[in-house]
Amino acid sequence: MDELTTLSRQRAPIRLTTVLTYVFLTALAVTMVFPFVWMLRTAFIDPRDVSVSPEKVGGFLRWLVPASFPHTKNFADAVEAVPFGRAYINSIIVSSLVTFGQVFTSSLAAFAFARLKFPGRDKLFLAYLATMMIPGSVTMIPVFIFTSQLPLWFDGALSWLSGSSVTLFSHSYYMFQNTYMGRPVGLDSYFTLIVPGMFSAYGTFLLRQFFMSIEKDYEEAARIDGASTWGIYWRIMLPLSRPALATLAIFTFMGSWRAYMWPLIVTYHEDIMTLPILIRSFQGQYRTEWTLLMAASIMHIIPLLIAFIIGQKYFIRGVRIGGIKG
Amino acid sequence: MKKTKLATTWRRRAALAGYLFILPNVLGFLIFTSLPVLASLVLSFHKWDLLTPYRWVGLENFRNLLVDADFWKNPFFSIPWITDCPLEHGYLFNTLALMLAIPIGILLSLFLAVMLNQKLRGMVLYRTFFFLPSITAGIGTMLLWMWLLNSDYGIINMVLGNAYDCLSWMYDGVRNVTGWFGGELSAWPKWYDVRPAWLQEEAWAKPALIMMGLWGSMGGMNMILYLAALQSVPPALYEAAKIDGAGAWQRFWKITWPMVSPTTFFIFIMSIIGGFQGGFQQAHIMTDGGGPAGSTTTIGFYIYQNAYMWFKMGYAASIAWFLFLIVFALTMFNWRASKRFVHYG
């Protein structure tokens, strides 16, 4: 260290390779970031300025930043065209509950796999590991059929029990003071958007690895003091593994926020769609309105950025521990 | 005697606690993963459109998949029993072609990681910039790329057009000069003006998706994994190589490359497994459902079409199981091969 400081005081000669590295990295960074700059520009200009050429407006700079900049009306127009506010709330509800559920069920199971002894434990864990390689499309088909039939089965059972025909679950409109609440179960329901996402073999695996690395001394001391198994899980394991929980939470939240296929096939009603699905249907209606589409894209991206900024430390560490989730 | 009895009660209570702790997760696991896997296997032996009663058809779905020209057609070999297919390429070929992004992306990620691994100021900032596209991945960036790739007003075609104009203008200057001295240069070829309709053109849709994929992933997870791997290479190795007079290029191929090979292998296998299942979202959002002329329809999108657009549940399940077998084989290969090909330092 001392050697280094003296060297820098003497003004080490700037090396050519260093300069070249910086030039190259800067050029690359500009290329990577430029699309976002272009997105911002498009979202904040008047739709009429999108298709003009620099010659027409007299000058490159005038074209690059038109007089209409910043044209914030695009966002208002997009929100007015389709229920973005509702989709935002839906996405926040779904992503938060999926995250909470996954962290909770995974940590419970991971604790059992890491610390409790019961017959069949290791076999079950192997089964968990094995299912991690099953493609989502294999399981999605039966789960889709199952969820779409669920209201019919529930109504069938109720009809059989009561002796009259019941359509409590299969009729489609559940309103609360002019607000569509979704059905209780089946397609177009929060239940279907949330519950299948609450269980994860990957999360269980990740947390188990972390729990295994925690010293056993703490829980032995707690045991001697008379702590219950639940107490050890709740008061010792969870607080000690906060970084791992945060890592899983941030991965799950971001994954759920951009989830596409499942919400796409189980939602039909606009008021129950999550943000990506609503943006997709918006895109179908306004396919050439690029200013509006870019405004919508920004609305989708911002929460991801916020989540990343909050959890950057955990995020990057998580990539290193767990690798990539397929 | 009494002691052992106490021990068994204690063990039983511990086992009960264990079962209670895994119960929520196991329930979800049964309902949403393990039973559906079996259900989809059973389903693949049936014909079912969800409206009329299902019908047992034995192996018919798999037989249909074997002779499905849309699935198999490819430019490398012809399959005798597949005669008539309007598509240029089948969906398996499309899936594999889009996976070209994997090796290119891996090399770019490693390259970026090596650049960022230098002890220079501001590397964390660069890392964040490179990481940005993979953070924001999703429908937002896909719409963004549709806009960048737009044939009329997209910035990519604007730049290409300007570059063409600029080059042809310069070339005209050269032509004039040579003209004064009696030289005859041929005209600047018109076909140099390449401004494809990208996502609307059969030949350019796949390159466009690959380009977007590289932008999205080269600075992402893979680069972070490589950075971690590079940081665990002992610096003494490089110093020793330097003393022995090895150049930067040699140091890379003789030290860095072997030392990060476990990471390369891991990324490669995971990407291939992901690649076989991928392409759905791009096809659904960016190319109007796998177009143009089916050139961006991947296996994943084909399963979606069969299951949720045409309600051929049995056929969709059989394709999904075929996909599962591919992934399974790759995973097995991964386990076996990682011992043989990979150098663990």
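Okay, let's start inside chain B: the buried residues of helix 5 of chain B pack against helix 4 (91–98), helix 6, helix 9 (202–217), helix 10 and helix 13 of chain B. Here, buried means that 20 or more other C-beta atoms lie within 10 Å of a residue's own, exposed means 12 or fewer, partly exposed is in between, and the C-beta atoms are placed from the backbone. Helices are DSSP runs of H or I with at least four residues, numbered from the N terminus.

Quick housekeeping. This is a predicted model, where local features need pLDDT of at least 70, side-chain atom pairs count only at pLDDT 80 or more, and totals for chains, interfaces and linings use all residues. Residues are numbered from 1 along each chain as its sequence is written, while chains are lettered from A and ligands numbered from 1 in the order in which they are written.

Back to helix 5 of chain B, residues 101–116. It has 16 residues and reaches 22 Å from its first C-alpha to its last, close to the 22 Å expected at 1.5 Å a residue; that expected span is 1.5 Å times one less than the number of residues.

So which residues of helix 5 of chain B are buried? They are A101(B), I102(B), G105(B), S109(B), L110(B), L112(B), A113(B) and L116(B). They sit on the same side of helix 5 of chain B because they cover an arc of only 165° around the axis, with the arc taken from the directions from the helix axis to the C-beta atoms. On the other side of helix 5 of chain B, P103(B) and L107(B) are exposed.

Now, the two chains together. Contact means C-beta atoms, placed from the backbone, within 7 Å. Chain B puts in 68 residues and chain A 64 residues. On the chain B side, helix 1 gives the largest share, 19 residues. By class, that side of chain B has 52 nonpolar, 16 polar and no charged residues. Nonpolar covers Ala, Val, Leu, Ile, Met, Phe, Trp, Tyr, Cys and Pro; charged is Asp, Glu, Lys and Arg; the others, Gly among them, are polar.

Over to chain A, which is divided into domain 1 (2–64) and domain 2 (82–322); the bounds come from an automatic or database domain assignment. Their centres, taken over C-alpha atoms, are 39 Å apart. The contact between them takes six residues from domain 1 of chain A and seven residues from domain 2 of chain A.

Last stop: T31(A), in helix 2 (residues 16–43) of chain A. Buried or exposed? T31(A) counts as exposed, because it has 11 C-beta neighbours inside 10 Å.

Methods: Contact = placed C-beta atoms within 7 Å. Helix = DSSP H or I, 4+ residues; strand = E, 2+ residues; numbered from the N terminus.
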